[in-house]
Amino acid sequence: MAVVKERRASMAERKPSFIGKESPMIIPHLAGMEDPLPEKTPEEVDVVIVGTGLIQSILAAALSWQGSHVLHIDKNEYYGDTTPTLTIEQLTQWVRNVNKGLIPFYTNAQIYVSSDKIGKNYASRDFGIDLVPKVLFAQSDMLTLLVKSRVYQYMEFMPLSNFHTFENDSFEKLTNTKQEIFTDQTIPLMTKRNLMRFLKFVLNWENYPEIWEGYSNKSMAEFLSEKFKLNQTQSSELIFSIGLCYNNDVATPQCLQRIRRYLASFDIYGAFPVLFSKYGSAGEISQGFCRSAAVGGATYKLNTALESYDPTTKIVKFSDGSKVHVSERVVVSPTQTPDPKSKNIPKQNYKIHRLVVAIEKDCKQWFGEQESATVVVFPPGSLNGENFEAVQAIIFGSNSEICPQGTNLWYLTSVEKGENGKRLLDLALKTMLKSISRESIEVDDNVVKFDNKTGSPVINEKYLKEELNELVEPKILMKCYFEQYTSTCPFSIAQPEIFKTQKKDTTDDTTNGNKDNGVIYSPMPSSEISYDGAITAAKVLYETIVGSDDDFFDVDFEDEDITTTNNNRMSYSESAITDDEGEEDDIIMKN
Amino acid sequence: MLQYKLVLLGDSSVGKSSIVQRFVKDSFDEQRESTIGAAFLSQTIKIKSPNKDNDQENDEDIAIKFEIWDTAGQERYRSLAPMYYRNANAAVVVYDVTAKDSLNKAITWVDELKSKVDDEKKLVISLVGNKIDLISSTNDINESANSPGRQVDLLDAENFAKEHNLLFHEVSAKTGKGVRDVFYEIATLLYKQKLEDDALNKKDTNENEDRSINVALSRPSTNDPTSCCS
């Protein structure tokens, strides 16, 4: 890939006082005692990072623990930049700012807030709304890094086992374990056998190129139908709910990798493939890595914007009038550029439609037992035959602590091209609202109880009345729609080239006038529903700065709690989104 | 064992970390245990059960584990994340008795804290004036030459604490004076609060049907779904 710079000094070489003599473990920077902190902004740092989004936060932590002195700023009063967790008030302000053109790469932001509920029955800060909601696969590079970096200790996680597919006008709960496939009466015997055969294959798919190689450039649906005789319903579930793909054109190897991600994650922490963090998704993890970076020695400054960077003098100027000399690089979020019109900013060619809705309704019937979230997928064509791309929805209940009791947050995402995205998300929302009102009468056990002695059904009138009332569609407390642009095409990682574009400009003074010459732009969030791809992007940035990613989070905190089982389990490639090199290796491998 | 989250607050260089280090080191019998990590410092102390029917039999020790979160410098530009305050049970708000304005700044931290936590009534806050070694050792020529001596009146701080229902101590992280008391007092109060809560909640313990499960990421496990959850 890039020209390999000379490897720079590691943490241990640069700050020998950090390392205990008798053991190689690293203890945190205990600010204040041995090394009083300076009062002012440091005058000299190695790296300035502008924007506290997920990828930048991982980068900041990785660089800090490697020994670089990082100054990490954000123009907002909150952490997260493109991936924050916001209160309703903050979200409203954010929408306003998007519409004023103050936040590049977002358009068409709209928000409705129920004035008779929010601020009365519920407080704005009872809600923690993520601009980028995500789930965490139990076997993934993000989970491994959360454990290794100890960032997980700042957070709480809950399981998510229920995946629903909307098909033929109804929501089907996914049949995803061998056991469920065996016991499911609705699946014909022949199909069962085919499904089992496929599940066995997919766990080691790279080892059987003779099966899939002919389909490298063909669609997964074709592959499933021809090689495994699976019908449309089965293959649709596999591709869109288990694989969480967007459309029918996804190439077979990519889809196989994504299906395996799901299956390999099963049973690692229990009978569920994914987890989610309480109190917020990407916004929460961003905060966690920022704290980790701070413990590693990074300096944090919110409410501070980048004014300019001069690549010749290496001086960075900030909105509060302060300045700093940078010895290495300046990394900037496209949303916090000092010059939104600059040609240095990578093109953000892909559009993501996002809709988030707060609903006054319990959606427990969609959740697994003792759980508080679910994923609902609308495969291509399922919305009146109009959607070319799948609509993915994550639903969180109040135990996720991002919304008050009796309410739910629904996040819907689509990468539909053209202008149809908003309408399709609304259609999906309407479908779900209708379904939840209908289901609440069909499903609730409280309505009909069985008499203990006689065994005859007894109708609980109180409940029946309540349930009938609920047939009225649940109240919408808040609804927010926006479009976000990204340079990362669906299913891909951020292209490394985008991090390199600006360097040549630094010698070319004729293009001057740009306030951002010489900076590296970090990528905007992708449309990916999991955290896959974020660490890869942070690693590419890290390598661009340090010269190699060999010591990316090369820290070893002592901890009696962490067992090694986690590492032993990593027999598969950890992320469904890997960089190109890795993927080729996988494909070439033969048995 | 009872576990509580304790956060430190106060301006830079008032000695927040020193207080914790003193507390943790002193109680660790020299030998540093493996609880130091990137996340926070953990320290377990034992307090006497403040039992009502008192005396003899019931003086068993209660183990209280503090999970102590340091600001890691993020307070310097008022850039503490919501994560920092979340679910805090106790806070130690520190000022420097030799820095004139530092009590006022501590007061703004108390306000900030109260605005950020969900249930401010339950939060135990201790206001702590640090660096009393710099004023008590005026006979030491070197120290007194560099030190401005006491700049924050003991009574002012005490009154403020009383008014706002805060615990209050003056300590020296350097000599260790008073440090232990800060944490033991908090532990005792938290324990008392817990007993009161327990008494209140006794009636409706069954209403916990909606308990959700958390997953412990450090403990992956197969086949036994109960062992991984707490």
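Here are a few friendly notes to read alongside this predicted model.

1. Let's begin with the make-up of chain B. Chain B holds seven helices and six strands. If you walk along its sequence, these elements come in the order β-α-β-β-α-β-α-β-α-α-α-β-α.

2. How much of chain B is buried? Of its 230 residues, 50% count as buried.

3. Next, look at who touches whom in chain B. Take the contacts between residues at least 6 apart in sequence: 70% of these join residues at least 24 apart.

4. Now move to chain A and find helix H6, which covers residues 189-203. H6(A) has 15 residues and reaches 22 Å from its first C-alpha to its last, close to the 21 Å expected at 1.5 Å a residue. Which residues of H6(A) are buried? They are A:Thr191, A:Lys192, A:Asn194, A:Leu195, A:Met196, A:Phe198, A:Leu199, A:Phe201 and A:Val202.

5. Finally, look at a pair of helices in chain A: H8 (residues 220-228) and H9 (residues 232-242). Their axes come within 10 Å and cross at roughly 140°. Why is H8(A) called oblique to H9(A)? Because an angle has to be over 145 degrees to count as roughly antiparallel, the crossing at roughly 140° makes H8(A) oblique to H9(A). The crossing is right-handed. On the H8(A) side, the contact is made by A:Met220, A:Ala221 and A:Leu224; on the H9(A) side, by A:Ser235, A:Leu238 and A:Ile239.

Note on methods. Residues are numbered from 1 along each chain as its sequence is written. Chains are lettered from A and ligands numbered from 1 in the order in which they are written. This is a predicted model: local features need pLDDT of at least 70, side-chain atom pairs count only at pLDDT 80 or more; totals for chains, interfaces and linings use all residues. Side-chain values use heavy atoms; hydrogens and water are left out. Helices (H or I, at least four residues) and strands (E, at least two) are DSSP runs, numbered from the N terminus. The expected span of a helix is 1.5 Å times one less than its number of residues. Buried means under 20% relative accessible area, exposed over 50%, partly exposed in between (1.4 Å probe, protein chains only). Contact means heavy atoms within 4.5 Å. Axes are lines fitted to C-alpha atoms, for helices over the stretch in contact, and angles run from 0 to 180 degrees between N-to-C directions. Angles under 35 degrees count as roughly parallel, over 145 as roughly antiparallel, 65 to 115 as roughly perpendicular and the rest as oblique. A crossing is left-handed if the near helix is turned anticlockwise from the far one by less than a right angle, and right-handed if clockwise.
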